[in-house]
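Trainee: I would like a close look at a single residue in this model and at what surrounds it. Could you then carry on from there to the rest of the picture?

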Amino acid sequence: MKENKKMKTAKILIVDDDPDLRQALRLRLRANHYETVSATDGYSAIAQAYKEQPNLIILDLGLPAGDGFVVLRRLQDDDKLSEIPVVVLTARDPQTAEQRALHAGAAAFFQKPVDNAELLEVIQATLTQTQSNLAS
Amino acid sequence: MKEGSRRVLLIEDNQGDADLVRLRLIDSKPSVEVNCVHRLSEGLASLSEKTPELILLDLNLPDSHGSETFRRVLEKAPDVPVVILSGQDDEALAVKALHQGAQDYLIKGALGNGELDRAMRYAIERQALLRSLEMSRQQQMEFKNQFLSHVSHELRTPLTCIHQYANILMDGLAGDLNQEQRGHMSTILKSVNQLGAMVHDLLEATRAESGKIRIDRRCLSIGDVVQLAAAMMRGLARDKHVGFELGVDDKIPFVDGDPDRVLEVLINLIDNAIKFTPADGAITVQARLIPTDPDFICVSVSDTGCGIKPEARNLIFERLYQDPDAIDNSRKGLGLGLFIARELVRLHGGRIWVVSEPGQGSTFSFTLPLYSLHKLLLPVVTYNNLLRDAFVLVRVQLKPHNRPPLGNWKEICSRSLELLQRCVYLDKDLVLPPMATSGAEQSFFVVASTDMAHAEIMMTRIREQMAKLEDLKAAGESQVSVSAIPQPEKGQPLHRQVREIADWTTETIQAALGATEHLPRKPPARAASAGFEK
């Protein structure tokens, strides 16, 4: 996350095991001028995060090969990845999962189906904050 | 205790009768160990120490009589079988105890050989059977709840997919749509939202049934919640050409409730009212004080719809109830809305009911407890039964750097509140429970029994402590502002009553919050479907 990415198109990593949902999010985010990459499970999520160094991760919780909580922990434990903000987007019940996800370091929590305007607003706010944190 | 002997607690005040029981049991195999007490209090004490296999109980004891005796034993030891020892003349009482859960009764003085022993064996067996039935019933319930919770979770994924792609088409991300196509997409989206609300209701009803709904109580302005509900539902009413009116008594003090949940109840009732009111009808939402009950307020939703038949009036609050004659039979929903509403109101300690005549419309009303500032203030603003001299209302405002706030903002707020508790004198300052706000901004209030000079010291302490809170810093450059409003000084001792202090506090808080939005965080799922317009 160096100068060249600042204020240019932000790169977002979409992690979801459902291909149709990944595609829908990709369409939605690209329409809003974000660059997207994706991963289908917990393991490839970490690999992609390393390789692509995204500005933000949209993370499903119910994933094969290491669920969302495992991914959150791995990201937090890794110096190279811990600064990347994570927005959780899951079908799980907020009553049981929301606090846990936020505790584990997520920046925001949404239950599916999500209101797109709300999601985009939070993505933008998160990116802005990360940028100002890096600047300071 | 001998190997294999059965331990029995005998509660019987008549020594003669007690001896008779012992005599009858002397030859039992396996042997019976009888622990005899003469009073209910002794019996209950013994039950606290050791659980017997069976209780033999005389209902009329020196310290307790009749059904009450059995009720108290049952309360103490619900799993131990009880056999009533009854006199000839009070058999009716024993029969009543059977209805309440006693296993058997025997008439004293008419005990045949071996009869007592046999009754005891059967009682123990029956009780064990009951217990295993109850356990399997609970297992089934648990299984059903898990199943429903699983189903509603699994339904969400395909639902999300339809929702996303319909929105992609609707928003023209895959090319422009013509008028007709937009109309069709709009219908798809409306149905998806209805489905979403049903999935939400399914999970919510499951939670209500298993007692897993959480209520997050706040100090709440009911007027704001009514306004918000109205803002969400007005469009739907307009589309159906149904009038929509509000009548909120502006003298209502704060209500003690969960803003999201109260909103959910209101949306539920308004949604129903719109559904059952024909075009050109009207809906009125009111909130008012109850003259006969100063601890509650009453919120009601009236419609000019088809009304409810007397025989259905109690049934409608039950799970899965559907009106068989509903006009709009095509989209009935799951019949969980009023059930959930009732459970939510009950969790607040209120009640919900309907007044209706067929053809005359219906009025659904529910009560909510008032937030009793008066009771909370009493111990801190008085000293030796006298009101303290001066009061200052201190306000601590937390503003997140981002809107909407990111990360664990809720927890940061509750940690700040804990910190605040440590900055005040608990015997003369009162930190009020959190106010219902939009969540983006949180205000805490402290009623301090002190003058401005001392309040300044307290405020400095609060600022210092808040500055140390790491998470608050981590949440971005969130602002903490601390301000104070002194109680106006009049020439005469104006505020002689705690109630006046409470009123002053309420008014001052209302004025302070007036400028900001203090509304629930997210609309409930049902509102999302009802308020959908595109």
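Where is Glu209(B) found?

Mentor: Happy to walk you through it. This is a predicted model, where local features need pLDDT of at least 70 and side-chain atom pairs pLDDT 80 or more, while totals for chains, interfaces and linings use all residues; side-chain values use heavy atoms, without hydrogens or water. Residues are numbered from 1 along each chain as its sequence is written, with chains lettered from A and ligands numbered from 1 in the order written.

Glu209(B) sits in helix H6 of chain B (helices of at least four residues, H or I, and strands of at least two, E, are DSSP runs numbered from the N terminus). Its relative accessible area is 24%, so Glu209(B) is partly exposed (buried is under 20%, exposed over 50%, partly exposed in between, with a 1.4 Å probe and protein chains only). Leaving out residues up to four places away in sequence, Glu209(B) touches Met141(B), Lys144(B), Asn145(B) and Arg319(B) (contact means heavy atoms within 4.5 Å). Met141(B) is 68 residues from Glu209(B) in sequence, and their C-alpha atoms are 9.3 Å apart in space.

Helix H9 of chain B deserves a look of its own. Nine of its 11 residues are buried, so H9(B) is largely enclosed by the rest of the structure. Among those buried residues are Leu338(B), Phe339(B) and Ile340(B), along with Arg342(B) and Glu343(B). Just after H9(B), Gly349(B) takes a positive phi of about 90 degrees.

Now compare helix H1 of chain B, which covers residues 15-25. The buried residues of H1(B) are Ala18(B), Val21(B) and Leu25(B). They span an arc of only 60 degrees around the axis, which puts them on the same side of H1(B) (the arc uses directions from the helix axis to the C-beta atoms). Their cover includes strand E1 (6-11), strand E2 (32-37), strand E3 (54-58), strand E4 (82-86) and helix H5 (115-170) of chain B. Leu23(B) also lies in H1, but Leu23(B) is exposed, at 59% relative accessible area.

Ser46(B) belongs to helix H2 of chain B, residues 40-49. With a relative accessibility of 15%, Ser46(B) counts as buried. Beyond residues up to four places away in sequence, Ser46(B) touches Leu9(B) and Asn35(B). Asn35(B) is 11 residues from Ser46(B) along the chain, with 9.1 Å between their C-alpha atoms.

Of the 136 residues in chain A, 53% are buried.
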